[in-house]
Amino acid sequence: MSELYVCKVGELDDGSVRLVGEPGRQIGVMLHDGEYLAYRNRCPHQGGPACEGVRIPQVQDVLAEDGQFLGQRYDENDLHIVCPWHGYEFHIKTGEHVINPAIRLHKHKAVVREGAVYVQL
Ligand code: FES
């Protein structure tokens with residue numbers, strides 16, 4: 001299995017993304033909560049650069065014990081990547097679409113070895 005060099009450990013800030021690979025076949029590598037995640041930078045909808053989209057937390061309804069709607073809040077433990085072309089949202093930890101988990105970003109394995117980050121192709 002071949003690998004691509006991404007960066008040295010510590011070069012990538014939490015919340016940022018580094019694109020590696022050839023144009024049209026790029027992989028977005030991101031650091032999230034201390035874990036390196038890597039997805040093909042191609043949205044399963046129509047091929048947009050999903051990894052370059054903004055990240056927003058899941059919006060949750062807040063309900064009273066009797067079911068009354070009280071409002072909404074962000075779930076900071078469930079961050080989404082939003083594809084910049086048409087707004088499809090994917091869970092950053094899994095790459096799954098937030099509504100239909102059958103739609104997902106193509107995940108690659110990121111590995112840390114000898115102080116550097118690599119992504120497996
Ligand atoms: S190409 Fe990503 S939402 Fe359409």
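Predicted model: local features only at pLDDT ≥ 70, side-chain atom pairs only at ≥ 80, totals over all residues.
Read from the N terminus on, its elements run β-β-β-β-β-β-β-β-β-β. Residues are numbered from 1 along each chain as its sequence is written, and side-chain values use heavy atoms, with hydrogens and water left out.

Let me start with the overall picture. Taken along the principal axes, the C-alpha atoms of the chain fill a box of roughly 55 × 30 × 20 Å. Of the 121 residues in the chain, 36% are buried, and here buried means under 20% relative accessible area, exposed means over 50%, and partly exposed is in between, with a 1.4 Å probe and protein chains only. If we take the contacts (heavy atoms within 4.5 Å) with a separation of 6 or more, residues 24 or more positions apart account for 43% of them.

Four strands form an open sheet in the order E2-E3-E4-E8, with antiparallel pairing, and two strands are said to pair if DSSP finds at least two bridges between them. Strand E2 (17-20) and strand E8 (107-108) stand at the edges with a single partner strand each, so one side of each is left without a neighbour in the sheet. Strand E4, residues 35-40, pairs with E8 in the antiparallel sense over two bridges, and Ala-38 stands opposite His-108 in E8.

What does the largest nonpolar core contain? It has twelve residues, including Met-30, Leu-37, Tyr-39, Cys-51, Cys-83 and Leu-105; a nonpolar core is a set of buried Ala, Val, Leu, Ile, Met, Phe, Trp, Tyr and Cys residues joined through side-chain atoms within 4.5 Å. The elements that give two or more residues to this core are E4 and strand E6 (69-82). Apart from this core lies another, of eleven residues, among them Cys-7, Tyr-36, Val-117 and Val-119. As a general remark, nonpolar side chains tend to be buried together in soluble globular proteins.

Since cysteines have come up, how many disulfides does the structure hold? There are zero, taking a disulfide as a pair of cysteine sulfur atoms within 2.5 Å. Cys-51 is in no disulfide, and the nearest cysteine sulfur, that of Cys-83, is 9.3 Å away. Cys-51 counts as buried at 1% relative accessibility, and Cys-83 counts as buried at 4%.

I will finish with two histidines. His-32 lies in strand E3, residues 27-32, and because its relative accessibility is 7%, His-32 counts as buried. Leaving aside neighbours within four places in sequence, His-32 is in contact with Asp-14, Leu-37, Leu-79, Ile-92 and Lys-93.

His-97, in turn, lies in the loop between strand E7 (89-91) and E8. With a relative accessible area of 11%, His-97 is buried, and its side chain reaches the backbone nitrogen of Ile-99 at 3.0 Å. Again leaving aside neighbours within four places in sequence, the contacts of His-97 include Tyr-88, Phe-90, Ile-103 and Arg-104.

Key. Polar contact = N/O pair within 3.5 Å; in protein donor to acceptor, adjacent residues only side chain to side chain.
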